[in-house]
Amino acid sequence: MTFYQELQLSSTGSKQLIKNTTDKKEKRRHILIYNFKVYLVMVFCVAVVSLYSKFIGNDNSVVGVTVLLAVLVLRQADFGIRTTHGLASIAGIYAILMAGPRLANMVSPVPAFFVNVVCIMLLMILGCHNVIMYNHSTFVLGYLLLFGYDVSGHAYILRLEGLLVGMILCMIIFYKNQKNRPYRRKFSHLFQEFNIHSARSRWYIKLTFIVSSAMLIMSLLGLPRAMWAGIACMSVCLPFTNDCVARSGKRWMFNIVGGLLFVVLYTVLPESMYAYIGIIGGIGVGYSAGYAWQTVFNTFGALSIASGIFGMPMALKLRIGANVLGAVYTVVCTKVFNFLANLTNVRKNVSASAGEI
């Protein structure tokens with residue numbers, strides 16, 4: 001395996017390669033490449049976000065995060081349709097990212113709920129037709145981040161410009177890397193194949209409702225950072241229902257672990273070092289192959305920003321509360337959705353049997 005090929009491996013792939021290598025010299029080489037990759041990705045991420053912050057303002061640094069996540073995903077993922085038609089999906093996704101979060105923030109919680117439902121549903125349809133690619137986690141996350149870190153006036157104009165540049169960049173990278181995909185499905189099939197009776201479409205509906213309603217509950221309770229509950233729900237609401245309960249437990253438990261570790265760092269480090277806690281979290285995510293520890297280290301970045309706004313104790317309560325709420329709420333809603341789906345299937349079978357009689 002070449003140096004470049006090793007750089008393309010995920011953390012799980014790199015750790016597995018190191019574990020399976022018996023030659024000590026080769027093992028050291030793999031370890032060095034793995035460490036180099038972690039810090040290279042971290043430097044790249046910081047550079048992209050810093051560039052966005054410099055040109056469109058610190059309030060819009062979240063645009064850099066959104067574009068960066070999309071670029072990293074679209075290097076390897078596709079939409080399950082022709083590549084040229086996938087460009088239309090990217091355009092649609094970015095149009096939603098440009099308009100949806102701003103519109104949802106301009107209205108009261110109940111109308112915002114319906115805006116979020118429409119936007120998140122469209123993001124699911126446009127970006128996650130190929131379910132195994134798990135694209136929704138990137139695009140819905142970007143939507144929620146833009147919703148949570150809203151701007152207006154001139155800053156919003158700059159946000160639109162930043163997203164437009166990101167859209168063009170994503171299109172170029174996507175077409176370059178995916179142009180030889182042999183798909184026959186067209187853009188129109190994304191909507192034509194939407195069927196309320198299919199498992200995929202039901203998952204679209206379930207995730208959209210759960211995420212949007214969780215944020216509605218947070219907003220009606222007057223709690224800030226409603227997006228945290230939405231992100232927790234999105235993370236737990238997996239396409240395969242049996243995985244939801246296990247993911248839910250990891251989500252709330254390891255958010256608590258992450259919060260406690262953050263408190264330790266916040267207490268031990270001098271105030272001048274607080275800005276680096278998020279970077280420490282980013283490095284930790286790079287070394288984490290599993291969801292649990294990724295959840296721990298993702299907590300650092302979120303809390304380092306929120307602590308400057310709400311104070312550390314309040315930020316910690318909000319973070320843990322939102323994630324516990326989101327994780328538990330998703331499991332409850334999933335069970336309700338499954339019960340209703342099974343009830344519908346029973347009624348259909350009974351009706352079919354009656355018709356045969």
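Me: What does buried mean for a residue here?

Reply: Buried means under 20% relative accessible area. This is a predicted model. Glu 6 has a relative accessible area of 3%, so Glu 6 is buried.

Me: Which residue meets the side chain of Glu 6 in a salt bridge?

Reply: Side chains of opposite charge can pair when their charged atoms come close. Here the partner of Glu 6 is Arg 29, at 2.8 Å from N to O. Arg 29 is partly exposed, with a relative accessible area of 30%. A network of salt bridges links Glu 6, Glu 26 and Arg 29.

Me: How many salt bridges does the structure hold?

Reply: There are six. One of them joins Arg 181 to Asp 78, with the closest N and O atoms 3.6 Å apart. That pair links distant parts of the chain, 103 residues apart: Arg 181 is in the loop between helix H8 (154–178) and helix H9 (189–192), and Asp 78 is in the loop between helix H4 (61–74) and helix H5 (83–106). Asp 78 is buried at 1% relative accessible area, while Arg 181 is partly exposed at 34%.

Me: Which residue forms a salt bridge with Asp 150?

Reply: Arg 102 does, with the closest N and O atoms 2.6 Å apart. Asp 150 sits in the loop between helix H7 (136–148) and H8, and Arg 102 in helix H5, 48 residues away. At 17% relative accessibility Arg 102 counts as buried, and at 27% Asp 150 counts as partly exposed.

Me: Which elements give two or more residues to the nonpolar patch?

Reply: The patch is on the surface, with about 700 Å² of accessible area together, and its residues include Trp 252, Met 253 and Val 336. The elements are helix H12 (244–268) and helix H15 (312–356). H15 gives the most, with six residues. Val 336 lies in H15 and is partly exposed, with a relative accessible area of 44%.

Note on methods
Residues are numbered from 1 along each chain as its sequence is written. This is a predicted model: local features need pLDDT of at least 70, side-chain atom pairs count only at pLDDT 80 or more; totals for chains, interfaces and linings use all residues. Side-chain values use heavy atoms; hydrogens and water are left out. Patches are made of residues with over 30% relative accessible area and no salt bridge: like charges are joined within 9 Å, nonpolar side chains (Val, Leu, Ile, Met, Phe, Trp, Tyr) within 5 Å. Accessible areas come from the Shrake-Rupley method with a 1.4 Å probe; for residues, only the protein chains shown count as cover. A salt bridge is a side-chain nitrogen of Lys or Arg within 4 Å of a carboxyl oxygen of Asp or Glu. Helices (H or I, at least four residues) and strands (E, at least two) are DSSP runs, numbered from the N terminus. Buried means under 20% relative accessible area, exposed over 50%, partly exposed in between (1.4 Å probe, protein chains only).
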